[in-house]
Amino acid sequence: MGMWTAFKRKSKTSEEEIAASNEPTLEIAHRSITPQSSEPLLTVKGVERTFQVGGQPLHVLKGINMELLPNQLVMLRGRSGSGKTTLLNMLGGLDQPSKGEIWFHSLPFHDLGDNDRTLTRRKEMGFIFQAFALMPLLSAWENVELSLRMAGVPKGEWKQRVAHCLRLVGLEKRMHHRPFELSGGEQQRVAIAKAIAHRPRLLLADEPTAELDSQMSAQIMAVFQNIIATEQVTICMTTHDPTILEVADHVYEMVDGKFV
Ligand SMILES: Nc1ncnc2c1ncn2[C@@H]1O[C@H](COP(=O)(O)OP(=O)(O)OP(=O)(O)O)[C@@H](O)[C@H]1O
């Protein structure tokens, strides 16, 4: 669970950065990611990540190779501490490899600076975390709207897009509820609507079903499949739960920083 905090903290920072600067100052902000359906959306080549702990190197990722194709549901499975969250952070550009390459379509994530990765993330990616994904005082509608505001989507498009995303996750009857007025599974569906509202190409989810019972987990997976079918998005998620693996297009099994 160590990286959990980092995953949440870093993404919050990026949201703050985004709120602070709405000016796309870099050329990268104008590039659009439009991969052909057969080309990988994301390619990972020989990625290693080493942390310094008490002056000693801790090798957490030890040579990861993977591809995420468009419109796929990909799962990273592995025991606690095997390195799943560390890898997910790299895929989202929240952290960079010590060695190896990460290509988000044609962008070298391993080489880009923080600003360029933040701008790419803002336009092209959505994130779902185990907890704290929602603003507690805002309704489901307002939470999704906030994500469009953060992504710089023109205000005239908000109403239609918010309604569409909440319908897509099956919450048309709960649009004006606040998080504490919703069940855990419903809250997670608001988080999904929020994460896809700005039409990301890649949705990254760290243990999105961890807090849910098996029926709610199955509902979330059905929502993911529906989103992939209708929204042109690739989803990469981590999980401990063997019962949901069968809906994945591809499962990467991680053991001690490597795929087996
Ligand atoms: N910033 C960091 N500094 C030092 N060690 C770290 C750091 N981030 C992660 N680690 C270590 O890397 C290892 C893998 O952590 P990671 O969170 O990626 O595992 P995980 O497979 O996602 O586990 P879980 O399923 O429990 O979330 C752990 O031993 C962790 O302590």
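Reader: What share of the contacts in the protein with a separation of 6 or more comes from residues 24 or more positions apart?

Author: The share is 75%, where a contact means two C-beta atoms, placed from the backbone, within 7 Å. The model is predicted, so local features need pLDDT of at least 70, side-chain atom pairs count only at pLDDT 80 or more, and totals for chains, interfaces and linings use all residues. Residues are numbered from 1 along each chain as its sequence is written.

Reader: Why are β2 and β5 called edge strands?

Author: The open sheet has the order β2-β1-β4-β5, with antiparallel pairing. Strands are DSSP runs of E of at least two residues, and helices are runs of H or I of at least four, numbered from the N terminus. β2 (56-68) and β5 (107-108) each have a single partner strand, so one side of each lacks a neighbour in the sheet.

Reader: What makes β1 and β4 a pair?

Author: Pairing requires at least two bridges found by DSSP; five join β1 (residues 42-53) to β4 (residues 99-104). Val 44 is placed opposite Ile 102 in β4.

Reader: How do you know that the buried residues of α7 line one face of the helix?

Author: A residue is buried if 20 or more other C-beta atoms lie within 10 Å of its own, exposed if 12 or fewer, and partly exposed in between, with C-beta atoms placed from the backbone. Ser 217, Ile 220, Met 221, Val 223, Phe 224 and Ile 227 in α7 are buried. Seen down the axis, the buried residues fall within an arc of 155°, so they line one face; the arc is that of the directions from the helix axis to the C-beta atoms. On the other side, Ser 214, Gln 215, Ala 229 and Thr 230 are exposed.
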